[in-house]
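My notes follow in the order I worked.

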Amino acid sequence: MDLGIAGRRALVCAASKGLGRGCAEALALEGVDVTIVARTAETLARTAEEIGAKAGRKVAYVACDITTVDGRAAALALCPQPDILVNNAGGPPPGDFRDWDRDTWLRAIDANMLTPIELIKATVDGMIARKFGRIVNITSAAVKAPIDVLGLSNGARSGLTGFVAGLSRKIASHNVTINNMLPGYFDTDRLKGTMSARAKNTGKSIEETMTLAKGAVPAGRFGSAAEFGDVCAFLCSAQAGYLVGQNILLDGGAYPGTF
């Protein structure tokens, strides 16, 4: 399927590896002019080169912390008028809420709720003026089925979800959509960190914890960044203009509910 987005401009956050990289690569393969950002310059440069070689087009990049004012300014200086915005940031650390002080909570909210909102604020009016915009927020399956050791993520990402639910309906008539992707268990560094925390809490080895987690997924495996990226690319497509304010759960069937 031709997704109808060749030549569009995309800003993809936290895209040096993992799910962000999967999204950036899928968009680049569709002919999108992609700009990627992440904090680690060496890894980011290598990722841009690898995606560019695979897609046959240049991938722009800037090393910055997207959760800071200066980082967002640097990203928007390189890609000032994106047609596509993929919001993503590393999730807050796992742990016990008894150990989290106010500053810990504010860091989580700033990174996983306020940063996406600031980027939306900076780009959405341009999308409205051009009569095309696709905003995708990478959140977490924990929004729908909370994970006990990820309380910071549960709270901050749920706040973003609530905000987006209202805004997405206000701008949909301009062919600008906002949707959220809720990943379950994907084979990323983030998963390894979560499993390590769970192993510590249960007294099991990381290997055993990973095996048990995989066994709980009806699909019988962890997801790949590439397949996650393909879904993201569709959400950014010309054909997805009627998909508004939705939470797309990608978890291999792990969530047990009907709705």
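Entry 1, terms. I call a residue buried under 20% relative accessible area, exposed over 50%, and partly exposed in between. I also note that this is a predicted model.

I searched the whole structure for aromatic pairs and got 3. One of them is Trp100 with Trp105, an edge-to-face pair. I read 5.7 Å centre to centre and 90° between the planes. Is Trp105 buried or partly exposed? Its relative accessibility is 31%, so Trp105 counts as partly exposed. Trp100 comes out at 13%, so Trp100 counts as buried.

I then looked up Phe186 and Phe228. Their ring centres are 5.3 Å apart and their planes stand at 80°, so I list this pair as edge-to-face too. Where do the two residues sit in the chain? Phe186 is in the loop between β6 (176-183) and α6 (189-202), while Phe228 is in helix α8 (residues 225-235). They are 42 residues apart, and the pair links distant parts of the chain. I checked burial as well: both Phe186 and Phe228 are buried.

Entry 4, strand β2. I moved on to strand β2 (residues 33-38). Of its 6 residues, 5 are buried, so β2 is largely enclosed by the rest of the structure. Which strands pair with it? Strand β1 (residues 9-12) pairs with β2 in the parallel sense, over 4 bridges. Within this pairing I found Arg9 bridged to Asp33 of β2. From β1 the chain passes through helix α1 (residues 18-29) to β2, a right-handed β-α-β crossover.

Strand β3 (residues 60-63) also pairs with β2 in the parallel sense, again over 4 bridges. Here Ala38 has Ala63 of β3 as its bridge partner. The chain runs from β2 through helix α2 (residues 41-55) to β3, and I noted this β-α-β crossover as right-handed.

How many cavities of 30 Å³ or more does the whole structure hold? My search found 1. I counted 14 lining residues, with Asn87, Asn88, Ala89, Ala111 and Pro116 nearest the centre. The elements giving two or more residues to the lining are α4 (102-130), β5 (133-138) and α5 (151-171). Helix α4 gives the largest share, 5 residues. By class I logged 8 nonpolar, 5 polar and 1 charged residues in the lining.

Methods: Residues are numbered from 1 along each chain as its sequence is written. This is a predicted model: local features need pLDDT of at least 70, side-chain atom pairs count only at pLDDT 80 or more; totals for chains, interfaces and linings use all residues. Side-chain values use heavy atoms; hydrogens and water are left out. Buried means under 20% relative accessible area, exposed over 50%, partly exposed in between (1.4 Å probe, protein chains only). Two strands pair if DSSP finds at least two bridges between them. A crossover is right-handed if, with the strands pointing away from the viewer, the path from the first strand over the helix to the second runs clockwise. On a 1 Å grid over the protein atoms alone, a cavity is a set of points where a 1.4 Å probe fits but cannot get out, and a pocket is an open set with protein on both sides within 12 Å along at least five of seven lines; lining residues have an atom within 4 Å of a point. Grid points are joined across faces, edges and corners, and a volume is the space filled by probe spheres set on the points. Ala, Val, Leu, Ile, Met, Phe, Trp, Tyr, Cys and Pro count as nonpolar, Asp, Glu, Lys and Arg as charged, and the others, Gly among them, as polar. Rings of Phe, Tyr and Trp (its six-membered ring) pair if their centres lie within 6.5 Å; planes under 30 degrees apart count as stacked, over 60 as edge-to-face and the rest as tilted.
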